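Biologist: Can you take me through this model? I'd like to begin with the ligand.
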Amino acid sequence: MDQGSFITLEGIEGAGKTTCMAQLRLLIQQAGKSYLETREPGGTQLGEDLRQLLLGHKHTGMTDDAELLLMFASRAEHLQQKILPALGRGQWVLCDRFTDATYAYQGGGRGIAFSRIRALEEWVQKGIRPDLTLLLDLSVEQGLERAGKRSAPDRFESEAMEFFRRVRQSYLELAGKEPDRIKVIDASRDLDEVLAQITIVVNNFLQEKT
Ligand code: TMP
């Protein structure tokens, strides 16, 4: 049986994940692969309910630890109910955000020690990690300007610039530590150039797999 891969998309708000996910989906379809497209927090009934709690404004003052644990609660459900079964069937999994977002937002943004996140990652994921991650990188100013044009800000989007600077910095540090897995895409460029970068990275990955 064909073996699937686990691909994730990451980046600060306004980086263009939705458009880039469409390109990723197209490339995987063109390669004739069966795939599951999903997102975090979310991806399951429980995960989507947790997403509402995490992104909505009902619990604006939630503690950093509660936020971290809710992210991993969503992830535990998602892995067991959807991601692992799909990979087991040989499908490709295309996921809008995963644990790199936890390191960047709860680690870099909120200041939770990476070692504590690592402990939860090992506990919940038991060694399951993405095979390829596309990190859409652009300045915080450009990202927030794009995100601001979309809709009313959610609980994360309401954070200060400084928060997103730390998030971006953490993402770039993660990419620096794992350059084989995390490919940085310059998302500040025109759309066709961004899509071209994604095409190169994904096609290279597809070639290495075969
Ligand atoms: P998005 O899917 O529209 O980007 O919104 C998800 C938000 O949740 C985004 O602000 C990033 C945040 N998030 C975390 O803080 N930690 C995580 O582990 C994940 C998956 C998302």
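Biologist: What is 3.0 Å from an oxygen atom of the ligand?
Modeller: An N or O atom in the side chain of Glu13; a polar contact is a pair of N or O atoms within 3.5 Å. This is a predicted model, where local features need pLDDT of at least 70, side-chain atom pairs count only at pLDDT 80 or more, and totals for chains, interfaces and linings use all residues. Residues are numbered from 1 along each chain as its sequence is written, and side-chain values use heavy atoms, with hydrogens and water left out.
Biologist: How far are the polar side-chain atoms of Lys17 and Arg51 from a ligand oxygen?
Modeller: Lys17 has one at 3.1 Å, and Arg51 has one at 3.3 Å.
Biologist: How much of the ligand's accessible area does the protein cover?
Modeller: 92% of the 480 Å² that the ligand has on its own, by the Shrake-Rupley method with a 1.4 Å probe.
Biologist: New topic. What is the strand order in the sheet?
Modeller: The open sheet runs β2-β3-β1-β4-β5, with parallel pairing. Strands are DSSP runs of E, at least two residues, numbered from the N terminus, and two of them pair if DSSP finds at least two bridges between them.
Biologist: Which strands are at the edges?
Modeller: β2 (35–39) and β5 (182–186); each has a single partner strand, so one side of each lacks a neighbour in the sheet.
Biologist: How many bridges join β4 to β5?
Modeller: Five, with β4 covering residues 132–137. Leu136 stands opposite Ile185 in β5.

Key
Helix = DSSP H or I, 4+ residues; strand = E, 2+ residues; numbered from the N terminus. Polar contact = N/O pair within 3.5 Å; in protein donor to acceptor, adjacent residues only side chain to side chain.
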